[in-house]
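This report describes the fold, the exposure of selected residues and the contacts across the chain. The sequence and the coordinates are shown first.

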Amino acid sequence: MSNDDDKLTADAVLESARYLWPCVLCGTPTRQRGIFLPNKPGQLGAPKNKYRRVIYALCLQHPRNKQTAEAVENYLYSLPSDELIKTPRL
Ligand SMILES: [Zn+2]
């Protein structure tokens, strides 16, 4: 991953934060975001030998800890990969 990729990701996070998205764990509308870098990107629809970053909404009521990270990861891996490229807007 390059600095250009980091800038693209940062820009995408800022753009997404203009909108309320449902928190992936509880559904509460939020502008808070997280970025998931899967170690199995193929399971999230990435082409072979490509990586994927997933921007998701996570409201402030969830502690930022390993348990929350695992819950988010399990949720994202449970989605069909085409669900991940949708932009929910409330
Ligand atoms: Zn939440």
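How many helices and strands does the secondary structure of the protein come to? The total is 2 helices and 4 strands.

## Overall architecture

The model is predicted. Along the sequence, its elements follow the pattern α-β-β-β-β-α. The radius of gyration is 13 Å, close to the 12 Å that the globule rule gives for 90 residues, so the protein is as compact as a globular protein of that length. The C-alpha trace spans about 35 × 25 × 25 Å along its principal axes.

Buried residues account for 8% of the 90 residues.

## Confidence of the prediction

The mean pLDDT of the protein is 87, and 91% of the residues score at least 70. Where pLDDT is low, the predicted coordinates should not be read in detail.

Among the elements, the lowest mean pLDDT, 90, belongs to helix α1 (residues 3–16). Strand β2 (residues 29–30) has the highest, at 97.

## Helix α1

Helix α1 has 14 residues, which at 1.5 Å a residue should span 20 Å; its end C-alpha atoms are 20 Å apart, in agreement with that expectation. Is this helix buried or in the open? The number of buried residues among its 14 is 0, so α1 lies largely in the open.

## Strand β4 and Tyr56

Tyr56 is located in strand β4. With 19 other C-beta atoms within 10 Å, Tyr56 is partly exposed, because a residue counts as buried if 20 or more such atoms lie within that distance.

Which residues does Tyr56 touch, leaving aside those up to four places away in sequence? They are Val24, Arg33, Gly34, Phe36, Val72 and Leu76. A further pairing involves Cys23, which is 33 residues from Tyr56 in sequence and 7.7 Å from Tyr56 in space, C-alpha to C-alpha.

## The loop between β3 and β4

Asn49 lies in the loop between β3 (33–36) and β4 (54–57). Although Asn49 is not a glycine, its phi is positive, at about 65°. Asn49 counts as exposed, having 7 C-beta neighbours inside 10 Å.

Lys40 is also placed in the loop between β3 and β4. Lys40 has 10 C-beta neighbours inside 10 Å and counts as exposed. The C-alpha atoms of Lys40 and Tyr77 are 9.2 Å apart in space, while the two residues are 37 apart in sequence.

## From β4 to helix α2

Leu60 is found in the loop between β4 and α2 (66–78). This leucine is exposed, with 10 other C-beta atoms within 10 Å. Between Leu60 and Thr30, which are 30 residues apart along the chain, the C-alpha separation is 8.3 Å.

Helix α2 contains Glu73. Is Glu73 exposed or partly exposed? Glu73 is partly exposed, with 15 other C-beta atoms within 10 Å. Glu73 and Leu37 are 36 residues apart in sequence, and their C-alpha atoms lie 9.5 Å apart in space.

Methods. Residues are numbered from 1 along each chain as its sequence is written. This is a predicted model: local features need pLDDT of at least 70, side-chain atom pairs count only at pLDDT 80 or more; totals for chains, interfaces and linings use all residues. The radius of gyration is taken over C-alpha atoms; the globule rule is 2.2 Å times the number of residues to the power 0.38. A residue is buried if 20 or more other C-beta atoms lie within 10 Å of its own, exposed if 12 or fewer, and partly exposed in between; C-beta atoms are placed from the backbone. Two residues are in contact if their C-beta atoms, placed from the backbone, lie within 7 Å. pLDDT is the predictor's confidence in each residue, from 0 to 100. The expected span of a helix is 1.5 Å times one less than its number of residues.
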